[in-house]
Amino acid sequence: VNFHPAHPHDYDHLSPVVLLLEGMSLYAREKGYRLLDLGTSAVEGKPNFGLLNFKMGVGATVTSKFTLVRRW
């Protein structure tokens, strides 16, 4: 499942994405999940540092993500 995090700027003070991530994190912990994938922080193969910094700010850890392609 992927939630589209965009919202009108009028709601920035409510931090809707932060609240969503908090709920997802609590659910994952309750269910015993070891990992919660927040998705890529890249656009067209290049780092989106604003998004990366946001994710790190909410407690995420940077990891490598690889794309595997099967060649016939």
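Colleague: Where does Ser-41 lie in this predicted model?

Modeller: Ser-41 is found in the loop that runs between helix H1 (16-30) and strand S1 (42-43).

Colleague: Why is Ser-41 called buried?

Modeller: The relative accessible area of Ser-41 is 13%. Buried means under 20%, so Ser-41 is classed as buried.

Colleague: What makes the pairing of the side chains of Ser-41 and Lys-55 a polar contact?

Modeller: The two side chains are 3.1 Å apart in this contact. The cut-off for such a pair of N or O atoms is within 3.5 Å, so the value of 3.1 Å meets the distance criterion.

Colleague: Which residues does Ser-41 touch, not counting residues up to four places away in sequence?

Modeller: On that basis Ser-41 touches Lys-46, Pro-47, Asn-48, Leu-51, Leu-52 and Lys-55.

Colleague: Which residues make the nonpolar surface patch of about 270 Å²?

Modeller: Val-18, Leu-51, Phe-54 and Val-58 make this patch. Of these, Phe-54 lies in helix H2, which spans residues 49-57, and Leu-51 is also among the residues that Ser-41 touches.

Colleague: Why is Phe-54 called partly exposed?

Modeller: Phe-54 has a relative accessible area of 32%.

Colleague: Why are Glu-44 and Glu-30 called exposed?

Modeller: Glu-44 has a relative accessible area of 78%, and Glu-30, in helix H1, has 66%. Exposed means over 50%, so both residues are given that label.

Colleague: How far apart are Glu-30 and Ala-60 in sequence and in space?

Modeller: Glu-30 and Ala-60 are separated by 30 residues in sequence and by 18 Å in space, C-alpha to C-alpha.

Colleague: How many aromatic pairs does the structure hold?

Modeller: The structure holds 1 aromatic pair. Tyr-27 and Tyr-33 form this pair, with 6.2 Å centre to centre and 80 degrees between the planes.

Colleague: Why is the pair of Tyr-27 and Tyr-33 called edge-to-face?

Modeller: The centres, at 6.2 Å, fall within the 6.5 Å limit for pairing. The angle of 80 degrees is over 60, so the pair counts as edge-to-face.

Technical notes
Residues are numbered from 1 along each chain as its sequence is written. This is a predicted model: local features need pLDDT of at least 70, side-chain atom pairs count only at pLDDT 80 or more; totals for chains, interfaces and linings use all residues. Side-chain values use heavy atoms; hydrogens and water are left out. Helices (H or I, at least four residues) and strands (E, at least two) are DSSP runs, numbered from the N terminus. Buried means under 20% relative accessible area, exposed over 50%, partly exposed in between (1.4 Å probe, protein chains only). A polar contact is a pair of N or O atoms within 3.5 Å; within protein, one must be able to donate a hydrogen and the other to accept it, and residues adjacent in sequence count only if both atoms are side-chain atoms. Contact means heavy atoms within 4.5 Å. Patches are made of residues with over 30% relative accessible area and no salt bridge: like charges are joined within 9 Å, nonpolar side chains (Val, Leu, Ile, Met, Phe, Trp, Tyr) within 5 Å. Accessible areas come from the Shrake-Rupley method with a 1.4 Å probe; for residues, only the protein chains shown count as cover. A salt bridge is a side-chain nitrogen of Lys or Arg within 4 Å of a carboxyl oxygen of Asp or Glu. Rings of Phe, Tyr and Trp (its six-membered ring) pair if their centres lie within 6.5 Å; planes under 30 degrees apart count as stacked, over 60 as edge-to-face and the rest as tilted.
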